[in-house]
Amino acid sequence: MTSFSDADGVRGPSADSIEGFHYAPFHGKPGDAEPAQRLPFDLSDLRVIGTLAICDVDETPTDNVRPSISIKITQYVRLSDESLIRLDMDRGVTTGGRGAGEDISWKRTADDLIAEILDLVQVDDADNPGTHPWEELAEAARRRGVDVDAATLGELPYRVLLTDEVTVLFEL
């Protein structure tokens with residue numbers, strides 16, 4: 001399991017710490033004839049409390065001749081029960097290393113990396129540069145059964161979470 005660090009340095013679950021996780025087996029207790037039944041999600045009682053982007057190391061294109069790395073950015077809405085609903089608005093970036101020969105460095109500050117990530121998740125619109133796609137995020141959430149509008153999302157916290165692999169790679 002991967003652990004996460006967010007922009008405020010708050011760390012999340014890791015393989016060594018499973019507090020806060022809820023486990024429900026797919027199969028009943030040993031000796032039970034019937035497997036455990038899943039219950040459908042009822043999102044009607046839950047509200048959105050934030051939006052977040054989780055950044056992780058991705059597969060680097062094999063046709064790159066220079067040393068490079070790829071980062072994938074997956075966006076979610078966080079619900080009041082702390083569950084995450086993935087939105088199909090993934091982004092990513094591939095970047096080349098700084099330096100020559102064996103001394104390639106990916107190092108940058110956390111603020112620089114987070115600023116780049118926030119820039120990448122903005123609207124791809126030359127007429128409205130620097131705007132966040134709240135309407136697109138709200139529409140993606142509604143397609144998943146989450147009742148939320150763009151104005152509400154724009155008022156809620158937006159957090160950037162970095163996996164341990166990303167923090168190690170960028171020497172944060």
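Ground rule before I look at pairings: I call two strands paired if DSSP finds at least two bridges between them. Also noted: this is a predicted model.

Entry 1, strand 4. I looked up Val 77 and found Ile 85 of strand 4 opposite it. Strand 3 and strand 4 run antiparallel, with three bridges joining them.

Entry 2, the other partners. Strand 2 (residues 48-58) is joined to strand 3 by ten bridges, again antiparallel. Here I see Val 48 standing opposite Leu 79. With strand 5 (residues 91-96), strand 3 pairs over six bridges, also antiparallel. Ser 70 has Thr 94 of strand 5 as its bridge partner.

How many of the twelve residues of strand 3 are buried? I get ten, so the strand is largely enclosed by the rest of the structure.

Buried or exposed, I asked of Gln 75? It is buried, because its relative accessible area is 1% and the cut-off for buried is under 20%. Its side chain makes a polar contact with the side chain of Tyr 158, at 2.8 Å. Leaving aside neighbours within four places in sequence, I list its contacts as including Leu 52, Ile 85, Val 121, His 132 and Tyr 158.

Strand 3 and strand 4 form a hairpin with four residues between the strands. Glu 82 lies in that loop and is partly exposed, at 47% relative accessible area. Its phi is positive, about 75 degrees, although Glu 82 is not a glycine. I flagged that because most residues other than glycine have a negative phi.

Note on methods:
Residues are numbered from 1 along each chain as its sequence is written. This is a predicted model: local features need pLDDT of at least 70, side-chain atom pairs count only at pLDDT 80 or more; totals for chains, interfaces and linings use all residues. Side-chain values use heavy atoms; hydrogens and water are left out. Buried means under 20% relative accessible area, exposed over 50%, partly exposed in between (1.4 Å probe, protein chains only). A polar contact is a pair of N or O atoms within 3.5 Å; within protein, one must be able to donate a hydrogen and the other to accept it, and residues adjacent in sequence count only if both atoms are side-chain atoms. Contact means heavy atoms within 4.5 Å.
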